[in-house]
Amino acid sequence: MGNGAIALGALSAGVGLIAGYPGTPSSEIIETAAKWNDGSIHIEWSVNEKAALEVAAAASYSGMRTLVTMKQVGLNVASDPLMSLAYVGVEGGLVVVSADDPGPISSQTEQDTRRFAEFARIPVFDPATPEEAFQMIQDAFECSEKYHTPVLFRPTTRVCHGYAAVEIPEQFSPKPAPGFKKDTARWVIFPRSSYLNHVRIETRNPELGREFSDYRYNTVEGAENAEKAILTGGVSYAYLKEVIKGTDVKLIRVGTPFPMPEDFLLKALNGVKELLCVEELSPYLEESVQKLAGVHHLSLTIRGKRTGDVPHAGENSADLL
């Protein structure tokens with residue numbers, strides 16, 4: 001199951017603490033991790049999502065890799081510590097899984113975690129399949145530690161609850177944590193520190209976007225010189241793989257929606273005259289490429305949710321696409 005793949009990917013990355021609050025479609029992540037735990041990992045259902053993130057943050061400050069799980073509405077509850085944590089930063093890798101629920105199938109809203117990533121100014125990974133989720137969450141931990149930032153991980157219901165064969169290690173062990181080192185200038189978020197950290201974040205994100213331009217899950221397929229292309233991400237990529245076989249349409253997939261891999265997109269859009277943006281929930285990729293086209297004066301017709309060519313609400317499917 002996709003949630004199991006996420007849990008086992010985190011264990012493979014050397015996570016030492018997992019905390020969360022149950023909510024479909026994310027609940028099985030902690031359940032799976034608990035089944036595989038040999039006692040070396042702290043795993044808990046916290047009293048709410050805010051508490052879960054704060055428990056994980058404390059462990060991360062000591063250098064431990066930590067995972068926090070919730071559904072998309074739970075991220076609202078955790079938004080208070082998340083926004084401050086984006087400024088304070090982390091030591092051990094800290095990944096927040098916020099499972100979105102297009103449909104919605106079991107939720108009160110159809111909100112989009114990619115918006116939260118942009119709002120908090122932190123990276124977000126958007127897997128398309130359970131196999132990708134297993135590998136991508138390990139990449140998310142590496143990214144978190146390299147840039148000392150919390151990272152959002154955004155599976156959707158069909159990724160969380162889909163099934164696939166995934167090869168996993170025979171055993172898991174937490175990455176050693178060196179322990180907490182007192183550093184008032186770093187861990188106490190005074191207003192002046194907030195300003196300086198904000199400057200650091202806005203300097204870091206363009207660098208991260210350039211790094212993401214070479215990321216293995218940002219891909220281009222199809223005719224190299226095609227004048228028509230589709231821009232997509234998440235599970236919609238898997239649907240599109242089924243329905244555009246044998247066409248002369250270029251398929252562009254973004255697995256790291258923020259910071260946007262602009263160098264990758266500019267190269268992928270070279271020669272394209274008409275672009276259809278296909279994504280679930282908000283027109284996030286569509287709006288991002290509109291901005292990119294404006295800045296770089298691209299002669300490009302962009303279609304998607306904002307033009308009424310793709311539904312704003314609900315799930316996508318192979319038949320719909």
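These are my notebook entries on a predicted model of one protein chain.

**Ground rules**

I number residues from 1 along each chain as its sequence is written, and I work with heavy atoms for side-chain values, leaving out hydrogens and water. Since this is a predicted model, I note that local features need pLDDT of at least 70 and side-chain atom pairs count only at pLDDT 80 or more, while totals for chains, interfaces and linings use all residues.

**Entry: the whole chain**

I began with the secondary structure and found 13 helices and eleven strands. Here helices (H or I, at least four residues) and strands (E, at least two) are DSSP runs, numbered from the N terminus.

I then looked up the radius of gyration, which is taken over C-alpha atoms. It is 19 Å, close to the 20 Å that the globule rule gives for 321 residues, so the chain is as compact as a globular protein of that length. The rule itself is 2.2 Å times the number of residues to the power 0.38. Along the principal axes, the C-alpha atoms fill a box of roughly 55 × 45 × 35 Å.

Next came burial: 55% of the 321 residues are buried. I use buried for under 20% relative accessible area, exposed for over 50% and partly exposed for in between (1.4 Å probe, protein chains only). The chain exposes about 13600 Å², and carbon and sulfur atoms supply 51% of that. These areas come from the Shrake-Rupley method with a 1.4 Å probe; for residues, only the protein chains shown count as cover.

I also checked contacts (heavy atoms within 4.5 Å). Among those with a separation of 6 or more, 79% are between residues 24 or more positions apart.

**Entry: helix α5**

Which residues of helix α5 (residues 79-88) are buried? I found Pro 81, Leu 82, Leu 85, Ala 86 and Val 88. They cover an arc of only 165° around the axis, which puts them on the same side of α5. The arc is that of the directions from the helix axis to the C-beta atoms. A reminder to myself: an α-helix has 3.6 residues a turn, so residues three or four places apart point the same way.

I looked for the cover over these buried residues, and it includes α3 (49-61), β4 (94-99) and α10 (191-212). Just after α5, Gly 89 takes a positive phi of about 85°.

**Entry: aromatic rings**

How many aromatic pairs does the whole structure hold? The search finds seven. Rings of Phe, Tyr and Trp (its six-membered ring) pair if their centres lie within 6.5 Å; planes under 30 degrees apart count as stacked, over 60 as edge-to-face and the rest as tilted.

The rings of Trp 36 and Phe 172 have centres 5.7 Å apart and planes at 80°, so I logged the pair as edge-to-face. Trp 36 lies in helix α2 (residues 28-36) and Phe 172 in the loop between α8 (157-161) and α9, so the pair ties together parts that are 136 residues apart in sequence. Trp 36 is partly exposed at 41%, whereas Phe 172 is buried at 14%.

Phe 180 and Trp 187 form a tilted pair, 6.2 Å centre to centre with 40° between the planes. Phe 180 is partly exposed at 48%, and Trp 187 is buried at 14%.

I also noted one aromatic cluster formed by Phe 125, Phe 212, Tyr 215 and Tyr 217. Elsewhere, Arg 253 lies over the face of Tyr 237, 4.0 Å from the ring centre. For that label, NZ of Lys or CZ of Arg must be within 6 Å of the ring centre and within 35 degrees of the ring normal.

**Entry: Glu 145**

Glu 145 is in helix α7 and is buried, at 16% relative accessibility. Leaving aside neighbours within four places in sequence, I found Glu 145 in contact with Arg 65, Glu 91, Gly 92, Gly 93 and Lys 175.

Most residues other than glycine have a negative phi, and most peptide bonds are trans. I looked for departures from this.

- A cis peptide bond joins Thr 24 and Pro 25, with omega about 20°.
- The bond from Phe 258 to Pro 259 is cis too, with omega near -10°.
- Leu 281 has a positive phi near 80° and is buried at 3%.
- His 297 has a positive phi near 55° and is exposed at 69%.
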